[in-house]
Structures are given as structure tokens and as C-alpha cells.
There are 2 protein chains.
Amino acid sequence: MAITNAIENFHMTVNEAFLAKAQALAPALIETEVRPVRTVEIVPRGEDYIAVEAAPAFVHSVPMGRDDRLCLDFGDHQVGYVSFTLTPVGSPADAPACLRLRFGEIPYEIAADPAEYHGEISRSWIQEEVIHVDVLPAAVSLPRRYAFRYLELTVLDTSAKYKVVVSGVTCRSVSSADPSAVPPLDVSDPELARLDRVSLKTMQDCMQSVFEDGPKRDRRLWLADLRLQALTNYATFQNNDLVKRCLYLFAGLTQNEGRVGACLFLEPRPQVDDTALFDYSLFFVSCLHDYYEATGDRETLAELFPTADRQIELSLRELDERDIVTDKDTWWCFLDWGEGLNKQAGAQAILIYALKQVAVMAGWLDDPAAAERYRAAADRLTKAALNCLWDEEQGFFVSGAERQVSWASQVWFVLAGVFDREKNVRLLERLIEADPGVPMVTPYMYHYFIDALLQNGMAELALRQMKAYWGEMIRDGADTFWELYDPKDRYASPYGSRLVNSFCHAWSGTPAYFIRTYFSK
Amino acid sequence: MAITNAIENFHMTVNEAFLAKAQALAPALIETEVRPVRTVEIVPRGEDYIAVEAAPAFVHSVPMGRDDRLCLDFGDHQVGYVSFTLTPVGSPADAPACLRLRFGEIPYEIAADPAEYHGEISRSWIQEEVIHVDVLPAAVSLPRRYAFRYLELTVLDTSAKYKVVVSGVTCRSVSSADPSAVPPLDVSDPELARLDRVSLKTMQDCMQSVFEDGPKRDRRLWLADLRLQALTNYATFQNNDLVKRCLYLFAGLTQNEGRVGACLFLEPRPQVDDTALFDYSLFFVSCLHDYYEATGDRETLAELFPTADRQIELSLRELDERDIVTDKDTWWCFLDWGEGLNKQAGAQAILIYALKQVAVMAGWLDDPAAAERYRAAADRLTKAALNCLWDEEQGFFVSGAERQVSWASQVWFVLAGVFDREKNVRLLERLIEADPGVPMVTPYMYHYFIDALLQNGMAELALRQMKAYWGEMIRDGADTFWELYDPKDRYASPYGSRLVNSFCHAWSGTPAYFIRTYFSK
């Protein structure tokens, strides 16, 4: 995610007890030493670039001087800290060695010229460093963490009197996910095994001190991303304490009026961002709901329920006199990155969805009165939606003043369960058939589409769609699943250039959840 | 200096006792906190650039975002370590801050684009860094040492949600020279006071763990540079132990056959370079001679005399059957950076000059037989020079197969004292009058020219020349004296671009020596 709105008169309220609980759950990182597996060259293919095996000479032996470069392939996506040895060859080093290092999750990031990036998102996410090494030989340890598979080292200069040999390049890869905790997968379809494997790697590399959205960018805890990461985690790495830690962080660091923020920072101190999103706040409800379902941790449910309840309360304030969520000009709700996507209908559906979950949670907590109150609110909002947002003639939900028909609106109303299964199936079939103008563009939204199919007994179609979408991403070269993917527009970016897209993004890593929940024996 | 030759089958011999003496004399560095004095803008003027006072807003207050820049003037040349505070303003910092830092001894280094540098010398000397700061606010301490007066900070990016304020920019300037040790200067001429002041600053900034040639480039101990630094030191900072340390380093780390190298490295371990230069080796003799004259340290003289003697012995091997130093195609002797300068005559003169000094040293050590032997050799070489290199018709010494007439050859024969004062004066007058084709291009060679004038009673002319040359450099903007300066070709560089010229260079800092030795009351 990358968002530019901000709350006016923003202030943070810290619940020290919650924060202390969260910090006590900070995970140890598992470190693994990873070496490059081959030397590659990055060459154009079509509109993209690929890595091809380079000359057999390995990294250890070739002295490099001005403008010489070396591109190393670590074999798979890594998140970690890189070190190497730089040894001078020739006369004593009479000038510093100057090196440029470029890290790429995909080959394009090595080939592209960062100087040509003029997009809106920060250039600072481009993983490039220029370093000077004054004293040689040197053990170079880069202090920053990188997300990459490819590392290009270019010697910008040594001097006429010496060259350098780069050797011992190592990545100390880090993750708080323990692969040995993942249950074995029981599927016979190799494509499912492949989807599962790439999912796991995506999740593993995003599981750090918290669930990060992406280890390259933005490297932080977002609520909607967390919700999908947590779901996948229960079926895979089962690091449930990490979910608990994140829930306590969100509940312990709230915005004005107790609103849960869209995202959090851990450094330099735990801090909620000043971004609020209607749907994200409500996913605190979903996340707590799922957590209790997965763990049965009643103490956490009870302690964090008031935070969930508060999100519902704040959201209900946004209803107009018709009981419809008020549309806004600002960037108030996410849903998806689709250009021009109107958020009103999706927001209404997500509020209904959350009301039903909070009702269930009230039931778990033996508060039937509250449960009844939430159910009643859900019914009222459902009626309002059917009255005001359902277009019987088109057979679609419409959103906003211009009555926009989008994939996101339909999918969310299916998930909100405003119709019975039969009507849901017909709506989904109609949606696929009509393919309305505002498509889904993120794996995140695709997740909820697959979820909607599965919730309504359309498992075969869900499987086909999952293979077509995530499978195509793998065929397009994904080692980990990408933040953004549109098979019809492969090089798209909402940021002005895919140079700053994230190519290991947790919200895209849910196939393992689906496969393990619905398709394994 | 920047040299690209190398000895074949090079090996280093370490005299551990000498090295231990040198290391025991390692000076403590004096640290001074220096703050910028104003904010400037670098603007073109003619073919060059100058710094002009920028808007009054000072560094502390202005939030900077993408592509915003700030240029700070530290008021004078600094050698040291820079730190500053980076504070985010706006929303929590949701992306790293990326900054480019450019350090310039002169405004041109800020204005020039390093990407356009394609000269032979290493690009790595260009003082530019790009840094990413992941966690804000941050106390940023750059680990490398820079030589500069101007520091340009460019924010390559923050993000749309925050900007940064740069504050508390400080340079921890370092030098082993103690300004309080400098005797007060007693001159009434303000121009001499100015020349002295710039000299002192030049020397101070080059006095570090050893006498460096230049703190920007090459930052190391060169013998011919040391000789002039030591001379100036005796008249100014009087850190005689630093000279002693350097003499022991050269004597303790010798090349094949006991040759003293042209330069030394201190890191990662003390090490002599594989560069040998005929004149530089002989300056070990001069340097030891001057050291004893300044200090009366007989123990050091006695201990290092064999090293001096060895340089004479090795140099005498280079004579042909006529007793003339053999000319070579390689870059075997320095003298000056003048293009096409033939070194034969200058080398012959310097050998005579060194023979006379070593004879004096033998006398100091009560070895009249050795003294006589050296004097006899000097006489023999003088006769050979007058026979083979003196062109009576032209009234000049000629050098090499093409009988080149250069300033360097004449100056060095004057200093070698092959003529009496009267003939020397006529030769120098003729030289100035005729201004032969290969001019002097470095302050280093100008030093010996001024020295030649002063040794021959031409003080008034020496003063005029000194003011014309070094004074003009100050009028051209020098805060410290430059490595290279040709008033007729101000932007010249032997390196392909003056971007890598050194603008604080010890061999250029001798006016203080002349003023204090010859022109103060």
C-alpha cells in the first residue's frame, strides 16, 4: 500500500498495557546464510527483462575495474543483510574503491535506470547504493535490509593501479516464520504445489518483527494485509503469537476517538500512522474474529473486543439518513487500486460483513443482547443497500452518484451475505459474464473474489480462476507473489513505474490458504 | 600526486625497529567542532563558479522534500567528519529519506556533474555520497573524512507525506597541527600576512597522522611533498616529531634493494607503494638533511644516514659512461607536471644537489672521508653536466635526446650550485626573459624557482614572483593553496578534469616558509 491521506488534528492514544503485551511477543528472527547460486546477465525479452546464465567464471576470481559489473542470482527471493569481501589486486590500493549495488526482486529492477523514475511514490524505495571503501582489503557489511533475488555489483572505479575481486557474497536472510512449523501439503496437482510453495515464500519473507505488507516496500504493518496474512498463517506457519502481537499493536496505538489506524510503524518507536481507511478499521473486527476462530484465545478476544466494537461504532456514524455509507471525494476507503473505483457500495458491504462478525464475537463472549443489536444493524444496512444500491434491471450493485458497477462492489456484497447462495451464484456468474468496467487489479481483491466463489460452492471455478491468475504470475516469473498483477496489463503500476512496485507482497500470498483450506486431501 | 608506474617484482622490506619508532610517534589529532557560517548558492561566473549568499533563511527551519537542496558554507577549508540531524516534518515518515551530499573544496565541485567525469584518475576521489536513512528522526554521522568548504545537501526524496529538516550540521575538523605552536608573524605587508595565513591553513589541513599531500586526494605521504611540508613546519607548527615519524616510515618500509619509495600507505597496515621516482628517493637525503639542521637530532641523523646513503648509491648506478643520468621512456622521475617535460637534466641536478647535502651530513657525523667521497662525486657529475648538458650558445641546460630547454632544468641546476652566484643570477634572468617552452605548472616547482631566486640574492624578484603566483591564486578564490595552478590556464588539470584536482595541497603551501625565513622582521 502507499497512501497519501492524513487525519486532521491527528493524535495518538497509547494503551501502555496493550503495547507492553505486544512488545513482549516480539519474535526472534530466524537467520539463514544464503549464497548466490549463479552469475547472470540481465537481458531484454519482449517488453521485460530476464536473467540468463552468464559466463561460467564465478564471482571469486575475476578482478574488476572501472565500469565492470557482476550480477548475482541468489536462486530465490531473499530478505536480509548482504556482506562480501573486497580484495585489491595489483599495486597497493591508491584510491578508494567505489561500488554501486543494485538489488532487484525481479530482473527489471536491475536493468532500469532509477534516474528515469519520476513517479509519485518515494524514490527512496529503489534499492540502490553507492559505496566508497577507503581501506582495502575490506569486509563490507551493508547495514540496510534488502528484498531481492538479484544483486548487481558495478565497480564505478578502483584506480589505474589496482582492481578488486569481490568474493564471499552472502545474504543473512531473516524471517520470523519457521518453515518447520508448516504442515506437509497433501495435493497431487503439481500446479497447486507450486502455488503453495510461492505463497509460503511470500508469507515467510513478509513475516518479520510484524507482518509486513512487503519487505521491499512499505515494510510495515497494514491492517487489511494483516487480515489475509493471519488467515494464511493459521494454515501454514502457525505463528499465532505474531498475529496476537499485531492485534495488540493496533489496539494499543489508536488514532483520534479510538479509531484503529490503517497501518503502524515500529521504528523509531511504535506509532500509528495518521492514515485512516473505512474498510481497514473494520478489518480489525475481521482479524480478531478470525484469530479467535483459529486459536480459541478467549482472553485476547475479551480484551480486544471493545476496540472492535469501537470500530463498528465509528463506522455507523458514517451512515446517511438512508442508512447508506456516505460517499466522499477523499481517499477514505481502499477496496482495490482500480482506477476510478467508487468505494461507497464496497464500504457498505464491508460494514455489513463486519457487523455480522462482531455479532458472532458477541455470542462467543456470551452477550446475546449485543449480538442481537449488531445483527439488527446488519439487517437494517442490508435493507438500505437493497433499496438504494441494488439495480434490479442491471442485476448489479451500483456505487456512488454515478451508479458505478464494479467487480469490487459485487464481490463484497456476495461476501456480506445479503443474498442467499443461489442469488450469490447468479450474481457472480453475471459478473464474470459482463466483466464491468472497473476490474480487479490487485491479488488482494482477487483474494476476496476467490473467497466469494468458495463461500458459495463454486470451488471448481475458484480453482480455475486461482490457477489462471496466480499461476500466470508464476509463468511471468514470480518467485514470490506480486503486489500488483493484471494479466491484461502486466507492467502496470499505480505509482508511475513498476520500479517501485513490491514483488513480494503478503496480500498476494493467500493461495496457500485456499489450497490448504479447500483443496488438500 | 597521482602516478601509474610500478616496480617489477616489487617487494617490501620492513625494518621493524624503525617502524616501531614511527608508530610510537603517531600524533594525537586535534578536533574542532565547526559549524557552517552561511547558506550559499553556487552560480556561474565566467568559466568558473562562485558561492554567493543565499536567502537569509538558515538551515534549521526549512523543511525539504524531493529535489530540494541546501548549500552550506563552512567559512574556510575543513578536513573532518560531518554529522547532522534529520527530523521529519508532517506525517510519520513512511519511506526512507534519501539524500545526496556533495563536498567541495571549491564551488566548481558542487556545480559539476560527476557523471561527466571520464578522466584517468579514479572517480572515487569525487566527494559525493548518496545515503538512505530508514528511521527518522536520525542523528546522521558520516563515517568518511572529507576535505571541503562547501557542503551541498540534496533531498533526493522523502515521500508525499513528510519532509525533512536538516539541522545541527557540524564538521568535526581534524589535524595534528597545533596552531598555538606557530610563532607570531611580524610583517607589515597585508598581502604577505594573507599568503602566510593561507599557507598555514593548507599545512594544517594536510597534517594528519602523517604529512598528507592533500586531504582530498591522495591523502598520503609522498616524499617530495614531505620535504616541503617539513621545511614549512620548522618555521610554523614545529611538529618536528611528525617529520621524524615520516622519516622513520620511509626508512622502515623500503622497496627492492633498499630504495625508499615515492609514497607510503598507513592503512590497512603501513606499506610502501610500488612507485619509485628518481628525484623522490633523493629527497630522503634532503629531508634528513633539513631535519637535522632544524632539530640537531643527531641520533636520528646517525640512525637514518645509511638509508640516505643507500639512495645516493642506487642513483649513482643510473649514470651512463659520461656520468650523466640515463634518460628513460618511462615515468621515472617527477620534477613537475609540465606536459612533455624531459627529466634528464633535472635528475642530474638533483643528484648533484643531494650529493652536496649528503657530504654535509657526513661531516656532521664526523666522517670526513665519506664527505670527501660525496663531494668528489658531485664534482664529477657537475663536470659531466657542464660538458654534456650545458648549451653555451643558448645559455641554457638542455635535457634528453631532443635537447629540451625547460624551466625545471635551469632551476634545478641553479639550486645544485654548479655555477657561482653571478652566473646563477644571469641564468635565472635569462630564463625569465626567454620563458622557454616547457613552463612550470605546479606550485611545487614554483617553490624551487623561488628558492633558487632567494639562494642567489634575488629576494625582491622572489617576493614579486611569489605574490604574482600564490597571490593570484588567492584572488582566484583559494582558501588553501591548490595542487595545480597556471595563471595562464586556470582550469587545467593533468587528470582530465579539475574535479579531481586537490585544492588543498601541501606542496603548494610553502609561502609561509619563505615569508618567515626571508621576509619577516
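The legends below walk through several close-up views of a predicted model.

Residues are numbered from 1 along each chain as its sequence is written, while chains are lettered from A and ligands numbered from 1 in the order in which they are written. Because the model is predicted, local features need pLDDT of at least 70 and side-chain atom pairs count only at pLDDT 80 or more, whereas totals for chains, interfaces and linings use all residues.

View 1. Chain A is divided into domain 1 (30-175) and domain 2 (176-519), with bounds that come from an automatic or database domain assignment. Taken over C-alpha atoms, the centres of domain 1 and domain 2 of chain A are separated by 37 Å. At the boundary, 23 residues of domain 1 of chain A are in contact with 23 residues of domain 2 of chain A; contact here is C-beta atoms, placed from the backbone, lying within 7 Å. On the side of domain 1 of chain A that touches domain 2, at least two residues each come from strand 5 (69-90), helix 2 (107-111), strand 9 (146-157) and strand 10 (162-175) of chain A.

**View 2. Chain A meets chain B.** Here 33 residues of chain A are in contact with 33 residues of chain B. Strand 6 (97-104), strand 7 (128-133) and strand 9 of chain A each supply at least two residues of the side of chain A that touches chain B. Sorted by class, that side of chain A has 14 nonpolar, eight polar and eleven charged residues.

**View 3. A three-stranded open sheet in chain A.** The strand order is 11-13-14, with antiparallel pairing; two strands pair if DSSP finds at least two bridges between them. Strand 11 (221-222) and strand 14 (271-272) of chain A are the edge strands, each pairing on one side only. Strand 13 (residues 263-265) of chain A is joined to strand 14 of chain A by two bridges, and A:Leu264 stands opposite A:Val272 in strand 14 of chain A.

**View 4. Strand 5 of chain B and its antiparallel partners.** Follow strand 5 (residues 69-90) of chain B through its pairings:

- Three bridges join strand 5 of chain B to strand 3 (residues 38-45) of chain B, with B:Val40 opposite B:Cys71.
- Eight bridges link strand 5 of chain B to strand 9 (residues 146-157) of chain B, where B:Val79 stands opposite B:Ala147.
- Ten bridges connect strand 5 of chain B with strand 10 (residues 162-175) of chain B, and B:Gly90 stands opposite B:Tyr162.
- Four bridges join strand 5 of chain B to strand 8 (residues 138-141) of chain B, where B:Ala139 is the bridge partner of B:Thr85.

**View 5. Helix 3 of chain B, mostly covered.** Twelve of the 17 residues of helix 3 of chain B are buried, meaning that 20 or more other C-beta atoms, placed from the backbone, lie within 10 Å of a residue's own; 12 or fewer make a residue exposed, and values in between partly exposed. Among the buried residues are B:Leu192, B:Leu195, B:Val198 and B:Met203. They pack against strand 5, strand 9, strand 10, helix 4 (223-235), helix 13 (459-475) and helix 14 (511-519) of chain B.

**View 6. The bend in helix 7 of chain B.** Helix 7 of chain B bends by about 45° at B:Leu304, and B:Pro306 follows within four residues. The bend is the angle between axes fitted to the seven residues ending at a residue and the seven starting there. Buried residues of helix 7 of chain B include B:Leu304, B:Phe305 and B:Ile312. The buried residues of this helix pack against helix 5 (240-252), helix 6 (278-295) and helix 8 (344-364) of chain B.

Conventions. Two residues are in contact if their C-beta atoms, placed from the backbone, lie within 7 Å. Ala, Val, Leu, Ile, Met, Phe, Trp, Tyr, Cys and Pro count as nonpolar, Asp, Glu, Lys and Arg as charged, and the others, Gly among them, as polar.
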